[in-house]
Amino acid sequence: MKNKAFNKEIMAALRKYAAIADEKGRLQNEQLKLAYQYGWFKIFVPEKYNGLELGLPDALLLEEQLAFIDGSLGWTVTLCAGANLFVGYINRKTAAQIFGSQKVCFGGSGAATGKAIVTGDGFMVSGFWKYATGAPHLTHFTANCIIEKDGKPVLKKDNQPLIQSFFFKRNEVNIMEDWNTPGLKATAGHSFSVSHLKLPKERAFMIDAASATHTGPVFQFPFLQFAELTLAVNTLGMTRHFLKEAASVIKKRKQEKKITAKQYDYSDTFITNAGGSIEALREDFYEAVEAAWNELLAKKKIHTKKLHNISKLSARLVKECRAQVAAIYPYCGLSAVNGNTEIARIFRDIFTASQHSLLNYPDV
């Protein structure tokens with residue numbers, strides 16, 4: 001696994017605008033410029049489309065580091081890079097036309113809250129979808145729709161409604177600026193809608209290995225576990241940032257004589273032990289990722305037990321991160337609840353991210 005650490009200059013440049021982005025409710029142009037320059041939205045896009053084409057273990061390290069720098073930045077890159085993964089499932093000619101652009105950025109919703117009526121040469125799509133991360137800079141919006149034909153839902157072999165994914169050009173959607181959350185503010189996950197939008201068949205796709213239009217191994221990796229892993233490393237990166245900032249805040253409290261030497265030692269030990277606990281889980285997590293990825297490369301598939309283990313470890317890691325952050329937070333004093341401080345922003349980001357249901361019900 002390659003080390004994808006950033007140099008101090010890049011980290012400083014990105015962090016410089018984190019508080020401003022939080023206040024403005026969107027990533028700043030300076031942050032986006034670096035994202036385009038280094039290809040972060042195209043982590044999984046094939047090199048022939050000027051993408052990074054990273055393997056999943058390296059991509060997760062990159063996403064973790066971005067989340068360590070800033071939660072909104074990491075979350076936005078992760079979800080947009082995950083949407084740009086759809087390059088491997090859409091029509092190859094269409095993909096070549098779209099993904100040659102440096103600034104191409106897909107994003108949208110996984111909820112099937114739209115309807116696509118089969119027409120003679122394509123679909124007529126209408127729907128409303130929430131939480132399109134990165135809405136201000138998306139070039140294309142992705143959405144899931146229930147397929148209908150002749151006034152009835154199209155059913156699969158198991159008699160369940162057929163759901164397909166679609167992508168829309170930016171000028172085809174209506175954006176509602178309704179993202180109003182305590183944290184991850186700069187992710188700008190606004191809602192969007194389309195109404196009676198006529199689309200050709202090339203705008204529809206299925207996110208599964210059997211429907212992949214490109215041969216890269218990441219397009220054969222099950223999308224459920226892909227999503228779990230990428231969300232987990234965001235909480236991990238934000239938590240590592242929180243622990244670092246908490247240690248600094250508590251040290252300052254001691255220097256300002258707001259806590260005694262004994263109180264400092266107690267809380268500092270607490271933070272150290274929390275970091276050790278999380279690091280142990282982090283190692284298990286990445287070992288499981290490497291094992292699954294290597295099996296995919298060697299055998300073109302991953303054993304069910306390995307996939308189940310990935311799901312379990314992702315949920316466990318996130319749960320431990322949240323528990324440790326919640327336990328440490330009270331030792332940081334009133335500065336930790338001042339909305340303008342860095343530690344308050346990190347805390348808000350972590351517990352806004354915690355509302356994503358994917359890792360909250362792993363065994364249900």
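Which residues in H9 meet Phe347, Ile350 and Phe351 in H10? The first view shows them, and the other views follow. This is a predicted model, in which local features need pLDDT of at least 70 and side-chain atom pairs count only at pLDDT 80 or more, while totals for chains, interfaces and linings use all residues. Residues are numbered from 1 along each chain as its sequence is written, and side-chain values use heavy atoms, with hydrogens and water left out.

**View 1. Helix H9 packs with helix H10.** Arg322, Val325 and Ala326 in H9 are the residues that meet Phe347, Ile350 and Phe351 in H10 (contact means heavy atoms within 4.5 Å). Helices are DSSP runs of H or I with at least four residues, and strands are runs of E with at least two, numbered from the N terminus. H9 (residues 304-328) and H10 pack at an angle of about 145°, with their axes 11 Å apart; axes are lines fitted to C-alpha atoms over the stretch in contact, and angles run from 0 to 180 degrees between N-to-C directions.

**View 2. Strand E8 pairs with E3 and with E7.** E8 (residues 190-200) and E3 are antiparallel over eight bridges, and E7 (residues 174-176) and E8 are antiparallel over three bridges (strands pair if DSSP finds at least two bridges between them). Look for phenylalanine 192 in E8: it is the bridge partner of tryptophan 129 and also of isoleucine 175.
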